[in-house]
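Dear colleague,

Please find below the structure that I am handing over to you. My notes on what was found in it follow directly after.

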Amino acid sequence: MSFPIPTLSRIGGELQLESVSLTELAHQYGTPTYVYSARAMRDAYGAYAEALAGVPSQVCYAVKANSNLAVLGVFARLGAGFDIVSGGELSRVLAAGGRAEKVVFSGVGKRGDEIAQAIECGIQCFNIESAAELDQISRIASYLGKTAPVAFRVNPAVDPKTHPYISTGLRSNKFGVDFDEALALYRRAQTLPGLRVSGIACHIGSQLLDPAPVVEAADKVLGLVDRLAAEGILLDHIDLGGGLGIRYQDEAPPSVADYLAPLIARFGQRREKLCFEPGRSLVGNAGLLLTRVELLKHGVEKNFAVVDAAMNDLARPALYDAYHASVPVSERQGTAAACYDIVGPICESGDFLARERELAIADGDLLALLSAGAYGMTMSSNYNTRPRAAEVLVDGERTFLARSRETVESLYLNEHALPASF
Ligand code: LLP
């Protein structure tokens, strides 16, 4: 089967991302290192742009998937908007060259200072997730003498049929305002100072492989938009969230065009702008985590390949039992394959990156963990005082160090050793 990363290939036994040898990258930048393909990101964005050609629309890249400034820069140059969930992400978008007026701000717990920051910057819209937040934004905007554009993120109560940790559109989830309360909230928003009702938003979950629940949610949203219009509440945009899944192993997600087709059929001719907030489908299969085998450990029941990356670098396997393909960077001749769990050096049994993989490897070999461009680096930590990995962006034959590897000293820069006087 082909690699899930479209710009990854094996040439003469050696893995190459675009035109760059991963062995050379490891020599130059060390390991563990996240490596991203600019072309894969541009192509993934291009698929959305192409499918939406001629439809008044906007693609807002979900920053949480991968918030490196260089990655944000790739999307900013393509004219993308951005979906943020914190003031920190807003600062990153602006530092990377993104435009505030193309930013939508989601999240159930926006702080007052973050709301003020976003209003001052002139973002496109707040996706409001509760009645309390509506009042809060009205208050802050009034205090600042500004008008905040708002949408309600409605919870359509449909089952997205994905991992329970990443489904967000169920009644039991904390996300969004209850669908049946939305109408009353819109009416109320019309009467509050400092607000301009601008849209509606809906996001039901992530890594969705079946488009049917999204279409079901979209139909519910459409019904609500029409009811609002009947009351004279006209919206500028309809935001159908992110969520499109990718191939990690043998999943068969719909293409971007197939995923969007039923939505464009419903919304394409309307006056409201159609917006999306994809994260994973833009960057997930544009990235890999490059790691080196420290040693092989042959146990009675299991073999382990202990590598220099760990759950602090890539948390998805430990957190969701997620699958990431693990591929040797250089093909070995004459080494027998064996079955390995690929584990990190962290003191937790949950510190695995892959399990039961048939691999012909030896100490010192390089491995690539694929499909790690989304929710990889952004979910990393410094557990066990492990400096975070470097990040490198590849474009054709060029490489760009997008983030230097952290130093140990930098990890305790904000800490204070106890003085004798205390
Ligand atoms: N919009 C909103 C409001 C979201 O909550 C999310 C993701 C997105 C857009 C982007 O969704 P995407 O297109 O990437 O599916 N850490 C998990 C995924 C958490 C997703 C959270 N929300 C993972 O590693 O699978």
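**Findings from the structure**

Glu 356 has its place in strand 18, which spans residues 352-359. Please note that the model is a predicted one. With a relative accessible area of 55%, Glu 356 is exposed, since the threshold for that class is over 50%. Leaving aside residues up to four places away in sequence, Glu 356 touches Lys 302, Cys 339, Tyr 340 and Asp 341. Ala 286 lies 70 residues from Glu 356 along the chain, and the C-alpha atoms of these two residues are separated by 25 Å.

I turn next to a pair of helices. The axes of helix 2 (residues 38-51) and helix 3 (residues 69-77) come within 10 Å and cross at roughly 40°. That angle makes helix 2 oblique to helix 3. The crossing of the two helices is right-handed. On the side of helix 2, the residues in contact are Met 41, Arg 42 and Tyr 45, and they meet Val 71, Val 74 and Phe 75 of helix 3. Sorted by class, this contact has 5 nonpolar residues, 1 charged residue and no polar ones.

The aromatic residues form a further topic. A pair of aromatic rings is described by the distance of the centres and the angle of the planes. The structure holds 6 aromatic pairs, and two of them are described here.

Tyr 61 belongs to strand 5 (residues 57-62) and Phe 82 to strand 6 (residues 81-84), so the pair ties together parts that are 21 residues apart in sequence. Tyr 61 has a relative accessibility of 0% and therefore counts as buried. Phe 82, also at 0% relative accessibility, counts as buried as well.

In another pair, the rings of Phe 152 and Tyr 186 have their centres 4.7 Å apart and their planes at 75°, so this pair too is edge-to-face. Phe 152 is in strand 9 (residues 148-155) and Tyr 186 in helix 7 (residues 182-191), so the pair ties together parts that are 34 residues apart in sequence. Phe 152 and Tyr 186 are both buried.

Finally, one aromatic cluster is formed by Tyr 45, Tyr 61, Phe 75 and Phe 82. Two of its members were named above in the helix contact, where Tyr 45 comes from helix 2 and Phe 75 from helix 3.

With kind regards

How values were computed. Residues are numbered from 1 along each chain as its sequence is written. This is a predicted model: local features need pLDDT of at least 70, side-chain atom pairs count only at pLDDT 80 or more; totals for chains, interfaces and linings use all residues. Side-chain values use heavy atoms; hydrogens and water are left out. Axes are lines fitted to C-alpha atoms, for helices over the stretch in contact, and angles run from 0 to 180 degrees between N-to-C directions. Helices (H or I, at least four residues) and strands (E, at least two) are DSSP runs, numbered from the N terminus. Angles under 35 degrees count as roughly parallel, over 145 as roughly antiparallel, 65 to 115 as roughly perpendicular and the rest as oblique. A crossing is left-handed if the near helix is turned anticlockwise from the far one by less than a right angle, and right-handed if clockwise. Contact means heavy atoms within 4.5 Å. Ala, Val, Leu, Ile, Met, Phe, Trp, Tyr, Cys and Pro count as nonpolar, Asp, Glu, Lys and Arg as charged, and the others, Gly among them, as polar. Rings of Phe, Tyr and Trp (its six-membered ring) pair if their centres lie within 6.5 Å; planes under 30 degrees apart count as stacked, over 60 as edge-to-face and the rest as tilted. Buried means under 20% relative accessible area, exposed over 50%, partly exposed in between (1.4 Å probe, protein chains only).
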